[in-house]
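Let's take a friendly walk through this fold together. Have the sequence and the 3D view at hand as you read.

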Amino acid sequence: MYDLSPASGTESQSVQIDSPAEAVWDLLTTIADIGGWYDDWDTVELDESDQRCLGPGVGFRLVRDRRGRIETARCVVAVFDPPHRLGWIEDGPLGRTVFVDFHLEADPTGGTVLTLGKSF
């Protein structure tokens with residue numbers, strides 16, 4: 001079981017997307033796409049090579065090159081509620097652990113409000 005209790009620091013931001021929640025969900029959970037939109041990570045490496053999409057308990061690593069020094073963050077999906085909420089625990093460089101939480105909410109125009117929260 002994962003400890004999802006309040007952390008010492010949080011940040012949150014929301015964006016309006018002109019696509020339905022299902023399309024946004026597909027982008028969020030397609031593993032090959034994560035490196036293209038999430039923070040400043042370069043690539044995503046899978047714990048299991050046959051996975052195409054994130055799911056409950058799926059593990060992966062985020063990798064980036066910091067001026068010749070490779071940094072990685074080990075992640076595991078802790079919350080999976082299609083197409084409403086996705087969350088993972090990210091054990092990053094220097095021992096920093098972050099809970100990354102995506103909330104998708106349909107809006108009346110057919111689009112989606114995507115909120116990204118991070119707890120440290």
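## Before we start

A residue is called buried here when its relative accessible area is under 20%. Please keep in mind that the model is predicted.

## A helix with one buried side

In general, an α-helix has 3.6 residues a turn, so residues three or four places apart point the same way.

Seven strands make up an open sheet, and reading across it gives the order 1-7-6-5-4-3-2, with antiparallel pairing. Strand 1 (10-17) and strand 2 (43-46) are the edge strands; each has a single partner strand, so one side of each has no neighbour in the sheet. On average, neighbouring strands are turned by 25° against each other, direction ignored.

Val15, for instance, has Leu114 of strand 7 as its bridge partner. Helix 1 (residues 21-29) packs on the sheet, where it touches strand 1, strand 4 (69-81), strand 5 (85-91), strand 6 (97-106) and strand 7; the direction of helix 1 makes about 160° with that of strand 6.

## The nonpolar core

The largest nonpolar core contains 23 residues, and Tyr38, Leu54, Leu62, Leu86, Trp88 and Phe102 have the most contacts inside it. At least two residues of this core come from each of helix 1, helix 2, strand 3 (59-66), strand 4, strand 5, strand 6 and strand 7.

Beyond its neighbours within four places in sequence, Phe102 contacts several residues, among them Leu28, Tyr38, Leu86, Trp88 and Leu114.

## A buried glutamate

Now turn to Glu90, which sits in strand 5. Is Glu90 buried or exposed? With a relative accessible area of 7%, Glu90 falls under the 20% cut-off and is therefore buried.

Which side chains make polar contacts with that of Glu90? One is the side chain of Tyr38, at 2.8 Å, and another is that of Trp88, at 3.2 Å. Arg74 is 16 residues from Glu90 in sequence, yet their C-alpha atoms are 5.7 Å apart. Residues that Glu90 touches also include Trp41, Leu62 and Arg96.

Notes:
Residues numbered from 1 in each chain as written. Predicted model: local features only at pLDDT ≥ 70, side-chain atom pairs only at ≥ 80, totals over all residues. Heavy atoms only, no water. Pairing = 2+ DSSP bridges. Helix = DSSP H or I, 4+ residues; strand = E, 2+ residues; numbered from the N terminus. Axes fitted to C-alpha atoms, helices over the stretch in contact; angles between N-to-C directions. Contact = heavy atoms within 4.5 Å. Buried < 20%, exposed > 50% of the residue type's maximum accessible area, 1.4 Å probe, protein only. Polar contact = N/O pair within 3.5 Å; in protein donor to acceptor, adjacent residues only side chain to side chain. Core = buried A, V, L, I, M, F, W, Y, C linked by side-chain atoms within 4.5 Å.
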